Structure formats: structure tokens, C-alpha cells
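Have the viewer open as you read.

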Amino acid sequence: MNKTAATAGIPPRPSHDAARKGIATGLILATLGAIAFSGKAIIVKLAYRYGVDAVTLIMLRMLFALPLFAVMAWWAGRGKPSLTARDWLGVVGLGFSGYYLASFLDFAGLAYISASFERLILYLNPTLVLFFGWLLYRRRPTRPQVLGMVVSYAGVLLVFGHELWTGGGKGGGAAAWGAFLVFLSAVSYAGYLVYSGEFVKRLGSLRLVGLATTVACVLCILQFVLTRPMSVAFGLAPEVIWLSVLNATLCTAVPVLMVMMAIERIGPAVAAQTGMIGPLSTILMGVVILGEPFTPWIAAGTVLVIAGIFVFTRKGR
């Protein structure tokens, strides 16, 4: 007598339709997460129109995001062993590098360059991770990886030359300074990615992100308290407050969860490929919302950066 999988105690395999539905859901989550992440630069540029500085703006973002990340860390840590002193040291270091310093440098750089250019620079992050891997662990890059790096950096340099020429309305020196700050932000976050591998295995990705971002939130708030009078916080335009709430939720906490849920369904490689929509969405929002010009230089640079990263991530594994 034949037994079905259910009666035999064997869990049935998911149907083809269910698998396709899971993939479709993962792709949608990855796409929306990438677009939401990209919206951060747009919101920051809008807030700068009200005369707020980077220290105050990032404090507001992290202040409103702190409860969300604290809950995330608590939820992911339920029933798990307590952190050791070594774990806490790593979490503090990763929170400082990956979320506090990287975010502050990014916010500061956005005061001088366009949102589109900022997103292209940050998109070089995989190449910086590869460079750190070679520098620290002597992992030699493959030829496709080198080709992808060359193409991507050529695209950034193309847009950079255009920004220097036009100056973004603030002069070439200001554009160069802004690009340098954003590039340092990408370097700081790449360092976080390189060193986080061991702690991801020990703590889990969701718990590590929740703890590290909580540390970063505290550091950003502390930076404001130590460098700005409290009267600054009470004299902000209401628009800055609401933009910061939107930044903390829709462009910070929500996309973190979306991308993690997407990775569970489609894997990190496909999620990373889907994330290539990020620069395109930033450019589109920059043109529509901020009124930033869309020039052939930006179009060509974007094509080169995305093509280079596509070659880098697809052929370099």
C-alpha cells in the first residue's frame, strides 16, 4: 500500500507555484528596499533647504530610528546567549564604522554634491570590499572583477569631472570635498562589511544590525549633545522633523527588514543584483523631486557604474 508524503511523515515539497510566488515576493521586497534606501539622499537634500546642518540632521534620523532598532535587537536576541565582552567590543566597533561614521560622512557630503552623484559613489562599495579583502587577506581579484572595477570607477570619474566643471552651484572645490566625504563613507561601510562576517555567524545578521545601529544611534545623539546647544533642536522647522521621521522609518528601518526578507527568499546574490535599481531610482527622484539636472554625463556615468558592478558581482564570484 502506497503512502503519501504526509502520511509517511515526510514534509511535502513546496509546489512550483508556491516557489514562483516566493521568488516574486523576494524580488518585489528587494526592489522596494533598494528604492527606499535610495530615498534617503533625497530626504537629506530636502532637509538641507531649511538650513539644518549634518550633525543635527543625522541626530534626528537616529533619534527616531533608535526605538525601531532597539526592538529589532531585542526580538532577534530572544532566547539567545548573552553577549560576551568581546562581542560587545565588536558590536561597538562595527556600529561606529558601519553606521555612525559612514552615515555622518554621507550626510556631510550631500551638502556639496547631487543626490545622483552620491548614490553612484556609494555604489562602488563592493569594489572597496574586494580591495580590503586583498589588502588584509591577500585574496586576489579575478579578471572580471578588475574589469568591473575599471568600468565602474570610469563612470564615477566621468560624473565627478562634470561635477567639478559645473561645481553643483557651489564651486569645483566644494564638489571635490563632497565627493571625498561620500567616498570615505563608502570606505567606512566597506570596513564594516569586511569585519562583520565573524560576528554575523556568532550573533545572526538581524541581531547584529539591530545592536550595531542602536550603538550608532546613541553615538549620533551624543555627538549632537556635545557639539550643539539644545536650543537648536527646539528651533527646527516642522518640515525638518517630519522629513527626519520619514528618513528614520521609510528610508532606514523599513528597507533593512525588506532586504533581509528578500535575501531569505531569493538569496544574497539575486538581492544584490536587484539592488542595482538604487542609482536609477535616486536619479529619477532627484530630477522629479529636487529638480536636479539629468545630463548626458550623468546618464553615461550611471550606465558605466551599473554595468561595471554587474560584471563585478556576476562574473567575479
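**A helix pair and two residues**

Start with helix α4 (residues 115–122) and helix α11 (residues 277–290), whose axes come within 8 Å and cross at roughly 170°. Here helices are DSSP runs of H or I with at least four residues, numbered from the N terminus, and axes are lines fitted to C-alpha atoms over the stretch in contact, with angles from 0 to 180 degrees between N-to-C directions. That crossing makes α4 roughly antiparallel to α11, a label for angles over 145 degrees.

This is a predicted model, where local features need pLDDT of at least 70 and side-chain atom pairs count only at pLDDT 80 or more, while totals for chains, interfaces and linings use all residues. Residues are numbered from 1 along each chain as its sequence is written, and side-chain values use heavy atoms, leaving out hydrogens and water.

Which residues bring α4 and α11 together? From α4 come A115, S116, R119 and L120, and they meet G278, P279, T282, I283 and L290 of α11; contact means heavy atoms within 4.5 Å. The residues of this contact divide into 5 nonpolar, 3 polar and 1 charged (Ala, Val, Leu, Ile, Met, Phe, Trp, Tyr, Cys and Pro are nonpolar, Asp, Glu, Lys and Arg charged, the others, Gly among them, polar).

Now move to L193 in helix α7 (residues 172–203). L193 counts as partly exposed because its relative accessibility is 34% (buried is under 20% relative accessible area, exposed over 50%, partly exposed in between, with a 1.4 Å probe and protein chains only). Leaving aside residues up to four places away in sequence, L193 touches N125 and V129. L193 and F132 lie 61 residues apart in sequence, with 9.8 Å between their C-alpha atoms.

Finally, find T214 in helix α8 (residues 205–227). T214, at 18% relative accessibility, counts as buried, and it touches L66, F69 and A70, not counting residues up to four places away in sequence.

Definitions and conventions
Parallel < 35°, antiparallel > 145°, perpendicular 65-115°, else oblique.
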